[in-house]
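Let's take a friendly walk through this structure. Have a look at it first, and then we'll go chain by chain.

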Amino acid sequence: MRWRDAFTLALESVTRRFGRTALTVLAVMLASALLVALATIVITANSRVIRQVSKGGPITGIRVLAAQAQPGQLESDDFRPGRPVDLTIPAVEEIRSLPDVAEVAPVLVADTLAVPPETPDGPERIFERMVGVDLRRPENLPVTVLAGRLPAPGLSSEVAVTLGYLDRLHLDADRPDAVIGAFVDLASPQVYRQVNGEIDYRGRWVHAQIVGVVAQDAGAGQFLVPIEQTQADREWALRGIGDGDRQPLPTSEFTGLVVVASSLDRVGPVRAAITALGFATSAPEQLISNVQRYLRVVDIVLGAIALIALVIASLGIANAMLAAVRERRREIGVLKAIGARDRDVLRAFLLESAFVGAIGGVLGTALGTAVAGSVGLVVNAYLTQQGLEGVRIIVPWAVLLAGVGGATLLAIAAGTAPALRAARLPAREAVGGA
Amino acid sequence: MSLPSTSSGVAVAPTGGVAVEGFGVRHAYTTGGEQTEVLDALDLEVAAGGHVAITGPSGAGKSTLLSLLGGLEPLQAGSIRVGERDLAGLGGDALAAYRRETVGFVFQHYGLVEVLSALENVELALTLTGRDRASRRAWARELLEQVGLGHRASHRPAALSGGERQRVAIARALANRPRLLLADEPTGNLDEEAAQHVLDLLEALRAERGCTLLVVTHNRRVAERANELRRLVGGRWVEP
């Protein structure tokens, strides 16, 4: 019998006996659905947790501060800053040229006086900081958009605010959308004269629209703006006279950096090299390592659940196929009586198993994807309520293929013993008694 | 015996019957460690194109003899020759090829695959020979026409009467132009009228194709239609 004919025969047998195979298909479908849903949820959750740990930035990100590193810096994930030290362009270039450094994103924080829109019980003005970052490469930054979007790169008329800004204005943090579209006036200070020991300031005003609400860990401040704006503010401050310790003129080109290592296992060496250059650093190395350890445990537990489901499904397939062989002994005998070889029968039964697996796999994968999507909706509702970025459920192609292909292979494996039994049945089964 | 050939030298399907010879055929079954002798040094000779009926009580060895002649199980002792083919020593694929190319079976229980239509059941036998779909479908349809069931081609066995099912089974048995037709109680499940119809059909087809026909039956009237009547009791021939 040719493969094509065996294929057609097996397909007809499965589809025309679908009432009998429905339960087996259901078992495969549920196992496949569980596998796809669990795999999707685990993959999404893992990346979301790691993303949360790395504050939305790259998992291999290292924060660098324009300050000297205190002894024992590398023993802690957090900064151990000493006295300020300038982070100049040559220093940045030196860091950029270190081995295993993939990206370097500069950060420049500047003081500002903000005049927010009027609110019932909010302040008329607040003294705050603007965090200027390179918004052309936001993926390199520990910034998470909670609502709206990031300001356009280089555009000083757009600004994003943090939940801390909402808090300072006594606004509801559960409704970050409410501030989007509002305008805020931001003034950068410049000490332009000193009269009788008193200093006079003047401001460089910018009228900016709030386009997004973010959680950010790039620098200390409640406004996130394009770095071009804080660089302009620095230039503006430098044109003034400053005032000693009270309002010193800025000397450092940048207040910090986000350095991205080429891989997770290179974070440690890169951080050590930057620290050796004399800068305080911070990277959630130990935290990520611990979290990954816990996630591994979760993976193992969920993997075990999926394995149990697969075993149950394969037992269901094997049982159903064995029952089919028992019920169809005479049919198998007749098939052999009209000339079928053992391998023809083996092939037909294996293909039947494969079809059951494939049908169950396709249905299960679709169901699993739907379940994962539904779980995502519930999780997103909760995360939004908590003021956190939602998750995007994406079923990886590998999981889809594993759902369909795995179910098919599982069915073939489970159907092998029954198929062999069918193939070995004697042709005499067609006749019966002596 | 060589197959007739076309002018291009390609072998064509055999026509006509085949002689059957058996010598000292013994067969036993072992169940629960106990051996039961079913055939006891049986000799058999059937002329090519002959029509032989084998009768006997239940357990006499009729179906076993039919199984051995049809290659449904390997020979344990003795020899059976069907045409030029010696069945002794044949097994596995060789026996399957013998069944496919030489023998046609008609069973009491029809042996139709329930999920396939009448046409597909007939086609199934042709599928095993590797013929292309169009030609096997056309030939299966023609066979169903010959047994008077062209109009029932798309029906499944459950939608057919007993007589119709047996006619489908006969069409399937003839699909590969067998030279030896073996029928095991072909009218056992049929009423009088349907049985008569099936017997008429078997006889007509045998006469037309000249194949050798062996019928195992309990039915005296079926047996009387044969050219030769044999009676088997306890694995040995006795006087009918």
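Two residues are in contact if their C-beta atoms, placed from the backbone, lie within 7 Å. Keep that in mind for what follows, and remember that this is a predicted model.

## Chain A

Let's start with contacts. Take those in chain A that link residues at least 6 apart in sequence: 81% of them join residues at least 24 apart.

As for its make-up, chain A has 10 helices and 11 strands. It runs to 434 residues, and 42% of them count as buried.

## The sheet in chain B

Over in chain B, four strands make an open sheet, and they line up in the order E2-E1-E4-E5 with antiparallel pairing. Which strands stand at the edges? They're E2 (34–46) and E5 (85–86) of chain B; each has a single partner strand, so one side of each is left without a neighbour in the sheet.

Now zoom in on one pairing. Strand E1 (residues 20–31) and strand E4 (residues 77–82) of chain B run antiparallel, and five bridges join them. In general, strands of a sheet pair through backbone hydrogen bonds.

## Where the chains meet

How many residues of chain B are in contact with chain A? There are 29, and they touch 25 residues of chain A. On the chain B side, helix H1 (62–69), helix H2 (92–102) and helix H3 (118–127) each supply at least two residues.

Sorted by class, that side of chain B has 13 nonpolar, 10 polar and six charged residues.

Technical notes:
Residues numbered from 1 in each chain as written. Chains lettered and ligands numbered in written order. Predicted model: local features only at pLDDT ≥ 70, side-chain atom pairs only at ≥ 80, totals over all residues. Buried ≥ 20, exposed ≤ 12 C-beta atoms within 10 Å, placed from the backbone. Pairing = 2+ DSSP bridges. Nonpolar A, V, L, I, M, F, W, Y, C, P; charged D, E, K, R; others polar.
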